[in-house]
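Dear colleague,

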Amino acid sequence: MTGGSDTQSKLRAVFLAFVMVTSVFGATVAFSGTVAAGTNTVANSADLQSALDNLDRSDDTADTLILEDGRYTTGDVSLTIDETDDLTIRAADGATPVIDVQGSSETDTAIDITADTQVTIENVNITGQDNTDVISADGLSGSTTLTVQDSFINVSDNEGDAGDVFAIRTNGGGAIDLQNVNIRTVEADANGDPLQPASSGSEAAGIFAFEANSVTVSQSTFTELDFAVQTPDVGTVDIQDSSFDGFADEAIIVNTESNGGYAPTVTISGNNFTAIDEASNGDVGTILFLEDSGSFGSNADLNVNNNNFNDASG
């Protein structure tokens, strides 16, 4: 009787052990075969668009692309963000990834936002080449938000005859928020690698935001640009604690393209401005251009204070 009980106990123990091992093994297989929900870590040899498309972009949850060290080239095409799920593109811990478009058409852009969504870019260097905008979002609604943090945006206008190309260009609504971002004009070698800030007279520009709800810039740097920020018909413009080092046209342009009644809230405070000569005619860039206040609505709120202005025209 006792021997039978011992045998049953041993069989029961073996069975339970088998069940536990099988359960753990099954869970391990399930976990290792599935990318963590909404997150994809990308090596620099991977196709960036495919990595984005492999995320489940239709489940109404925020998604994340984590980029490891290296250069991610897109050729003549863009990284297109065309789903409404919120998206973060960020560097892996300790990594310094570069997204580089090498298109030759003015319509090309490194990152093209075509859906109403919230996009956040963190600790990434982005380079546009040969008259290409770097980040664009056209024709979107007020719900679109672009946040760029702790990043470099390199904009190149090597041909110089196609009009302004932009680090960031938006049209039709939404919000732009830059925190600790360096936007600069660069010239590039045959491989698309940035060489140095380009000469004055470039038609490369910083931010152009048409009819956006808001443009917020803090602790950022704009270097060697035609103009740094232009905000036609933008509701709120808040630019603080930033540096504008070398611009040929205007550093900041706040203007209206409507027929009156435009009443922006504008705060430009704690910034450092340094103008340069325009190479073609020797004129010094305008540090700040506020359209005649008569063009603004009666409720416009303009606050410009505690800025440092320098003329580096020589």
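**Findings: the parallel sheet and the aromatic pairs**

Strand β15 is joined to strand β18 (residues 229-230) by two bridges, and the two run parallel. In this pairing, F208 has Q230 in β18 as its bridge partner. Helices (H or I, at least four residues) and strands (E, at least two) are DSSP runs, numbered from the N terminus, and two strands pair if DSSP finds at least two bridges between them.

Please note that this is a predicted model, in which local features need pLDDT of at least 70, side-chain atom pairs count only at pLDDT 80 or more, and totals for chains, interfaces and linings use all residues. Residues are numbered from 1 along each chain as its sequence is written, and side-chain values use heavy atoms, with hydrogens and water left out.

The chain contains two helices and 26 strands. Eight strands make up an open sheet with parallel pairing, in the order β4-β7-β10-β12-β15-β18-β21-β24. The edges are held by β4 (79-81) and β24 (286-290), each with a single partner strand, so one side of each has no neighbour in the sheet.

Within this sheet, β12 (residues 165-171) pairs with β15 (residues 204-210) in the parallel sense over six bridges, and T170 has A209 in β15 as its bridge partner. Strand β10 (residues 133-138) also runs parallel to β12, joined by four bridges; here S136 stands opposite R169. Six of the seven residues of β12 are buried, that is, under 20% relative accessible area, where exposed means over 50% and partly exposed lies in between (1.4 Å probe, protein chains only).

The structure also holds five aromatic pairs. Rings of Phe, Tyr and Trp (its six-membered ring) pair if their centres lie within 6.5 Å; planes under 30 degrees apart count as stacked, over 60 as edge-to-face and the rest as tilted. One of the pairs, F166 with F227, is tilted, at 6.1 Å centre to centre and 55 degrees between the planes. F166 lies in β12 and F227 in the loop between β17 (221-225) and β18, so the pair ties together parts that are 61 residues apart in sequence. F166 counts as buried at 11% relative accessibility, and F227 counts as buried at 3%.

A stacked pair is formed by F273 and F309, at 5.3 Å centre to centre and 10 degrees between the planes. F273 is buried, with a relative accessible area of 0%, whereas F309 is partly exposed at 43%.

Yours sincerely
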